[in-house]
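Colleague: Could you take one part of this model and describe closely what surrounds it, and then go on to some of the charged pairs elsewhere? Please give the cut-offs as you go.

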Amino acid sequence: MPKLTVVVPAFNESEVLPIFHERLWKVLNGLSLQCDMLYVDDGSRDNTWEIMQSLAAADPRVGALKLSRNFGKEIALTAGLDHVDADAAIVIDADLQDPPELIPELVAQWQAGYDVVYATRSARAGETGFKRFTAAAFYRTMEMMSDVAVPRDTGDFRLLSRRALKALSQLRERQRFMKGLFTWIGYRQIAVSYMRDPRKAGKTKWNYWRLAQFAMEGITSFSIAPLRLATWTGLAASIFAFLLGIKVLAKALMHGDPVPGYPSLMVAVLFLGGIQLLALGVIGEYLGRNYNESKQRPLYFIEEERLPRA
């Protein structure tokens, strides 16, 4: 019988984890597959790890990994997928915004021959209008700027076949944007639409500052468009400064200037200074990525592990 493993990264999800576990097992028990589950604790500060341990102790089909500290969701997800030994794996968050009841549909598409089956949100309940707007803007910006066609309105909730998992395991970059990596590996991929639910319990770990950092990570991971934009902006600024200089010179020759050069000088200095700082910032983002990759540190360390036994 084919084997399916569900990987669940979690950080401070003690309030929702028991509810999630109950709903997920109801779904998995209805599948004609050998199923198990692997929780990954990303350095939680509440009793998330204790709950994972109790779930693993009660059922041999449940495993748990505890990372040595909080490495971030992308690394926690990688750690879980590294420990999968199955014909397919499903990635899902524990907050129940992604409904486990969609899993049979993902499995059906996998059995139809697809290697990556990703869940696309047709609606996002429980989120503010501003959050929905910024999310839509991010995915559409990625679509325009990235060399890889990252699907719109699609999170990490998806199914990966064995060969997709094998391909993904070869990508060991340190600063990881998993949504892009899932797409980059290629193979046959298909979308399944669903209505995203509001969080059932607990608080989101994604404030706007972290979301902005995440967006920057995605753009710089799969596109050099910001570098090209800095180049073209610098060229446009140079042309603008040249034309402005001609205008100021013509005005001084024809009409004179009561305060010679001061207004135009300040405009030019502030404008060009701002453009230069922006370009240096973009270059710094890419230089920082190369610096982190060059150190070749391990992606994560595991403090404790208890893999599924059935």
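Modeller: Leaving aside neighbours within four places in sequence, Ser 44 is in contact with Ala 10, Phe 11 and Asn 12, where contact means heavy atoms within 4.5 Å. This is a predicted model, in which local features need pLDDT of at least 70 and side-chain atom pairs count only at pLDDT 80 or more, while totals for chains, interfaces and linings use all residues. Residues are numbered from 1 along each chain as its sequence is written, and side-chain values use heavy atoms, with hydrogens and water left out.

Ser 44 sits in the loop between strand E2 (34-41) and helix H2 (48-58); helices (H or I, at least four residues) and strands (E, at least two) are DSSP runs numbered from the N terminus. Ser 44 counts as buried because its relative accessibility is 12%, given that buried means under 20% relative accessible area, exposed over 50% and partly exposed in between (1.4 Å probe, protein chains only). The side chain of Ser 44 reaches the backbone nitrogen of Asn 12 at 2.8 Å, and that side chain also makes a polar contact with the side chain of Asp 41 at 2.5 Å. A polar contact is a pair of N or O atoms within 3.5 Å; within protein, one must be able to donate a hydrogen and the other to accept it, and residues adjacent in sequence count only if both atoms are side-chain atoms.

Turning to the charged pairs, side chains of opposite charge can pair when their charged atoms come close. A search of the whole structure finds 12 salt bridges, each being a side-chain nitrogen of Lys or Arg within 4 Å of a carboxyl oxygen of Asp or Glu. One of them joins Arg 163 to Asp 115, with the closest N and O atoms 2.9 Å apart. This pair links distant parts of the chain, since Arg 163 is in helix H6 and Asp 115 lies in the loop between helix H4 (103-111) and strand E5 (116-124), 48 residues apart. Arg 163 is partly exposed because its relative accessibility is 45%, whereas Asp 115, with a relative accessible area of 6%, is buried.

Another salt bridge is formed by Lys 26 and Glu 22, whose closest N and O atoms are 3.9 Å apart. Because Lys 26 and Glu 22 are 4 residues apart in helix H1 (residues 17-28), about one helical turn separates them. Lys 26 is exposed at 61% relative accessibility, while Glu 22 is partly exposed at 48%.
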